[in-house]
Amino acid sequence: MICIVGESHADRLFGELPTIKANYAEIDVPKAAVIVGKNGKAKVSSALGIIVDGDSCDQNIPRGIQLITCGISPKNTVSVTSRTDEKLTLSLNRSIRTEHGVIEPLEQPVDIERGVSEYDLMAAFAARLLLEK
């Protein structure tokens, strides 16, 4: 399950994966990847992880829930390592926990989608990794 809270077009990148969108949500879904978009507010009591914009996060993250930051700095959990007109190479800069284990750092090229921001691409990449999809 993917929960998108706030303004985001990441849902365009999930195909058949179950996705819920809202501007505000109270989330208690242990197997969910939560993406916090622009102007989004979420009260999360359980989830696999909360994915936020590392450059402008003001979300309170509950203790024990994995935080995944996305942004241009390599200090973020997910960042962009290269770009062309058609592709971005996204980098998972540190290990993340999934339901079934740990995913180690990796890079993956993705196609740039019209109308989808770099943050949305990074957040979708992080959510797919969390859910192992």
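Reader: Okay, so contact means heavy atoms within 4.5 Å. Leaving out residues up to four places away in sequence, what does Arg128 touch?

Author: Arg128 touches Leu13, Phe14, Gly15, Leu17 and Lys133, once those close sequence neighbours are left out. Before we go on, this is a predicted model, where local features need pLDDT of at least 70 and side-chain atom pairs count only at pLDDT 80 or more, while totals for chains, interfaces and linings use all residues. Residues are numbered from 1 along each chain as its sequence is written, and side-chain values use heavy atoms, with hydrogens and water left out.

Reader: Got it! Where is the place of Arg128?

Author: Arg128 sits in helix 1, which covers residues 118-131.

Reader: What does the C-alpha trace span along its principal axes?

Author: The C-alpha trace spans about 40 × 30 × 30 Å. Buried residues make up 47% of the 133 residues in the chain. If you take contacts between residues at least 6 apart in sequence, 42% of them join residues at least 24 apart.

Reader: New topic: how many disulfides are there?

Author: The structure holds zero disulfides, counting a pair of cysteine sulfur atoms within 2.5 Å as one. Cys3 is in no disulfide, and the nearest cysteine sulfur, that of Cys70, is 16 Å away.

Reader: Are those cysteines buried or exposed?

Author: Cys3 counts as buried because its relative accessibility is 7%. Cys70 is buried too, at 1% relative accessibility.

Reader: Now the loops. Where does Ala10 sit?

Author: Ala10 is in the loop between strand 1 and strand 2. It is buried, with a relative accessible area of 0%. Apart from neighbours within four places in sequence, Ala10 is in contact with Ile4, Ile35, Asp120 and Ala124. Ala10 and Tyr119 are 109 residues apart along the chain, with 8.5 Å between their C-alpha atoms.

Reader: And Glu7, which loop is that in?

Author: Glu7 lies in the loop between strand 1 (2-5) and strand 2 (19-22). Glu7 is partly exposed, with a relative accessible area of 46%. Beyond its neighbours within four places in sequence, it contacts Gly37, Lys38 and Asn39.

Reader: What about the phi of Asn39?

Author: Asn39 has a positive phi of about 65°, although it is not a glycine. Most residues other than glycine have a negative phi. Asn39 is in the loop between strand 4 (33-36) and strand 5 (41-46), and it is exposed, with a relative accessible area of 58%.

Reader: One more! What does Gly49 touch, again not counting residues up to four places away in sequence?

Author: With those left out, Gly49 touches Ala32, Ala33, Val34, Ile65, Gln66 and Leu130. Gly49 is in strand 6, residues 49-53, and it counts as buried at 0% relative accessibility.

Definitions and conventions
Buried means under 20% relative accessible area, exposed over 50%, partly exposed in between (1.4 Å probe, protein chains only). Helices (H or I, at least four residues) and strands (E, at least two) are DSSP runs, numbered from the N terminus.
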